[in-house]
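Here is a short tour to read alongside the model. Please keep the sequence and the 3D view open as you go.

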Amino acid sequence: MTDKKIKKLIKKAIEAVEDEIDTVREKPAHDVLFQGKRKEKHPPGVFYYEFESQNTSLRFAEVIRGEMEDYEKELELYPVEVGEKKVVLHFPHNFGNELTKVSLEWENDFVLRRLHRELDKLLDSEEEEARERIGRLFDPDPKRDHSDEETRVLDDSRRNEAQHEALIKALQNRVLYVWGPPGTGKTSTLGFMMANYLVKSKRVLFASNTNRAVDVGLLSALEALTAVEKEHLEKKVTRFGEIALDSERLEEVLFEKQIKEREEKQKIKASKLSNVLNKYQKLQKEIDNLMEHGEDVPKVLDEEINNLGEQLDEHGGEAAVEEKIERMLTVNERFELEKRELVATTLAKVCTSELFDGQEFDAVVIDEASMANLPYLMVLAAKAKDHIVVVGDPMQLPPIALTGDAVSRDFLEKDIFTFASKSESTEDLFNWHDFNRPVTTFFDVQYRLNKDLADVLSSVFYEDRLNTVDLEKEGTSLNYPEGNKPDPTVNVIDTRRYGPVLTQKDEGRGFSPVNEVHLFLLVKIVKKLVMKNHVPVDEIGIIVPFRSTVYDIRQELYREGFEQVEVGTIHTFQGREKQVIIFDTVMSGEMQYGSKRHYSVRPFDEDKNGLAVPRLLNVALSRSKERLVILADMDHVNKIYPDKYLGQLLRRFQDDSEQ
C-alpha cells in the first residue's frame, strides 16, 4: 500500500470520526440508574449518590443532564467516580437517603475528539514510517510480513497445534491475525505470546476495548511468566488506567501505585539530601559567625563541613542540589512509563493520555480487535515498530457506530478481519485465511462450550471447522450409563403457547419493545434456577437485543428480590460468561388496528444488518458455561425469519433436543 493510499485511508477515517462526533452531539448518550445511595462524605452544598452501573463511558461525560419522575426541573449532574460496577454522581440538592430512579443524558465525544487529533497527526506527519505500519496491518502481504526464520518459544507444554503456531508466528511476523472462536484458549495463548516478547527483550503494548478485557489478558501474561519461570520480568510490567477485576496481582502492577511508590522513594531520597544541605548551610553560618568574631574554627567542625561539602559536590554543588531536591519532589510519569517493557491499557487510553504521545513499541498486541473501530487500530498500528498482532473473532461482535451517514457507518462498523480480507461472508473469511496462512491462524479446538451447543455453532458459523476437545484424551471424560447420553444443555422455550403480544413504550427514544409474557416467564425461570436448581444468583445472565428491555427486566427482578442477576445487551456480555445464560429474543407480533402484525428487526435480520446478525447471535449463544435457555415466540420466528440465521439456529436446537 503506497503512502498516498494510506493517507487516503486515514482521511476516510477522519471523515468517519467527524460524522460520528456530530451524531454523538446530536444524539446524546442515555442511561437509567436505579436505587442510588447517598454517600455520607461530600463537599458543602452538594450531594453524592452512588449507583450500581457498568456504563464506564460516563467517565468521559463533562456534564450530565438528569431527570427524576417526582422532580419537575432538569438536573445538572457531574461524574465524581466511575468504576466498572459503580458510579458516583454529584447532585445539586439533597434528595434523601435513596434515589429510586434517575434518567441520564450526556454528550460522549471526548474520546472521539482525541482520536481525531491522533489521526490528524498521522496524516500531517512528514515521517512515512508510522503510516507504513498502518499499511502493513490494513493490507497484509504474506511474502513481505512473514519470515520462516527458525524460532523457539516458551510455553506450558499444553498449547495445541494452532496455539503453538500462533506463538511462533508472533515472533516471526510483522503482522499476525489470530482468529479465535469462543472457548478456544485465546486469552491464555495471548499471555504466552506477551511473555515470549518480554523474554526476547521486546517492549510490548497490550490493548483492548474494555478495562475488563485488558485485566484478563494481563493476568494471563503474568501467569505465563510464572509458568515459564520468568517472574522476575513482572517488575517491568504496568497496568495503565483503571482496573476492573478484584486482583491483588493487578494492583501490584498498577501504574498509579507504581508512581506513588516512586514518589515515596524519591521523597525519602530528597529528604536525606535536604538534611545534608540544611546541615551544611547551618554549619556554614556557624563557621562564618566564628570567623567574623575572630575565633578559631574547631577541627571537628571543619572536618564535618568538608565532609558535607564533598557530598554536595557529588551532586554538582549547593545550587545543583537545591534544583535536584525540587525535581525529586515530583515524578516524571512519562519517563516512568517509558521504562516499562509491557504496558497494558485500553484503546481509548492510548488516544486520550498525553503520556502515549510519541511512544513506540517493538510489538503491539490487540485483543478483541474484531470489535475495535478501524481508526483506533490505525493509531495503535502506528506505534508497532516490528510486530502487530490482532486477536479476535470476526464471527462475534462487530464494531458499533452511531452516525447516520451510510459511508461513514459502513467504515466504522467494519472490523479489521473483514476489511483486510475484503470479505462479505463467512466463506470469504475462511478463503482468505486458507490462502494467507503465513499471516493468519485459526484456533480450531474449543474447550469451554458443551458439545451439543458447540456443534451447532460450528456448523452455522464456522463451516464445521470448530472441534470440541476430546475429553477422554484430556483425561476428564464423564462416564454416563451405557445407552444414555447427557441431557441437552440448550433449551428453547417456545412461548407461542402463552399468547405473547408485543407493545411499545411511548418514551420518544426510539424502538422500545415490551413483551409482558416473556417478562413473566423470565422471572419464573430465574426463580426456578435459584430455588430449585440452586444456581447462584450471580451466575445467571440475561441477554436481550434491546437496551430499553434491559431496564424493564432489571426493575422486575429488583421487585422480586433478584437484583444480583446480571441483565444486559449482547454487547454487554462480549468476553463474559455465566453458568446459565437466558437469551430472550423479545419479539412477537404487535397488535395494530385490531390484528397482529409481524415484522423484522435489525439485530435479527441479515437483510438489514448483514454479517452483523450472525455475529450478534454467536455472542449471545456462546456465553453459557453449563446451560443456555432461549425464549422465543416460534410462531413469529417461523413467519419472519424462516430461512435466516435465527430461524435456522432455533430449529436446529429444537431438533437436537428431541433426538
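## Salt bridges

A salt bridge here is a side-chain nitrogen of Lys or Arg within 4 Å of a carboxyl oxygen of Asp or Glu. By this rule the count comes to 47 salt bridges. Before we look at some of them, a word on the ground rules: this is a predicted model, in which local features need pLDDT of at least 70 and side-chain atom pairs count only at pLDDT 80 or more, while totals for chains, interfaces and linings use all residues. Residues are numbered from 1 along each chain as its sequence is written, and side-chain values use heavy atoms, with hydrogens and water left out.

Let us start with Lys121 and Asp357, whose side chains form a salt bridge at 3.2 Å, N to O. Lys121 sits in helix H2 (residues 110-124) and Asp357 in the loop between helix H13 (347-352) and E11, so this pair ties together parts that are 236 residues apart in sequence. Helices (H or I, at least four residues) and strands (E, at least two) are DSSP runs, numbered from the N terminus. Both residues also belong to a network of salt bridges that links Arg114, Arg117, Glu118, Lys121, Glu354 and Asp357. Lys121 counts as partly exposed because its relative accessibility is 37%; buried means under 20% relative accessible area, exposed over 50%, and partly exposed in between (1.4 Å probe, protein chains only).

## Buried charged pairs

Two further salt bridges are worth a look. Glu336 and Arg340 meet through their side chains at 3.5 Å, N to O, and both residues are buried.

The side chains of Arg576 and Glu566 form a salt bridge at 2.9 Å, N to O. Glu566 lies in strand E20 (566-569) and Arg576 in the loop between E20 and strand E21 (578-584), so the pair ties together parts that are 10 residues apart in sequence. Arg576 is buried, with a relative accessible area of 15%, and Glu566 is buried too, at 11%.

## Strand E11 and its partners

Follow the chain to strand E11 (residues 361-366), where 6 of its 6 residues are buried. Strand E8 (residues 204-208) runs parallel to E11 and is joined to E11 by 4 bridges; two strands pair if DSSP finds at least two bridges between them. Val204 stands opposite Ala363 of E11.

E11 also pairs with strand E12 (residues 384-392), in the parallel sense and over 5 bridges. Here Phe361 has Ala384 in E12 as its bridge partner. From E11 the chain passes through helix H14 (residues 374-381) to E12, a β-α-β crossover that is right-handed (with the strands pointing away from the viewer, the path from the first strand over the helix to the second runs clockwise).

## A five-strand sheet

Now turn to an open sheet of 5 strands with parallel pairing, in the order E16-E24-E21-E19-E20. Strand E16 (490-494) and E20 stand at the edges with a single partner strand each, so one side of each is left without a neighbour in the sheet. The twist averages 20° from one strand to the next; axes are lines fitted to C-alpha atoms, for helices over the stretch in contact, and angles run from 0 to 180 degrees between N-to-C directions.

Within this sheet, strand E19 (residues 540-544) pairs with E21 in the parallel sense over 4 bridges, and Gly541 stands opposite Ile581 in E21. Helix H23 (residues 612-621) lies across E19, E21 and strand E24 (624-632), at about 140° to E21.

Conventions: Contact means heavy atoms within 4.5 Å.
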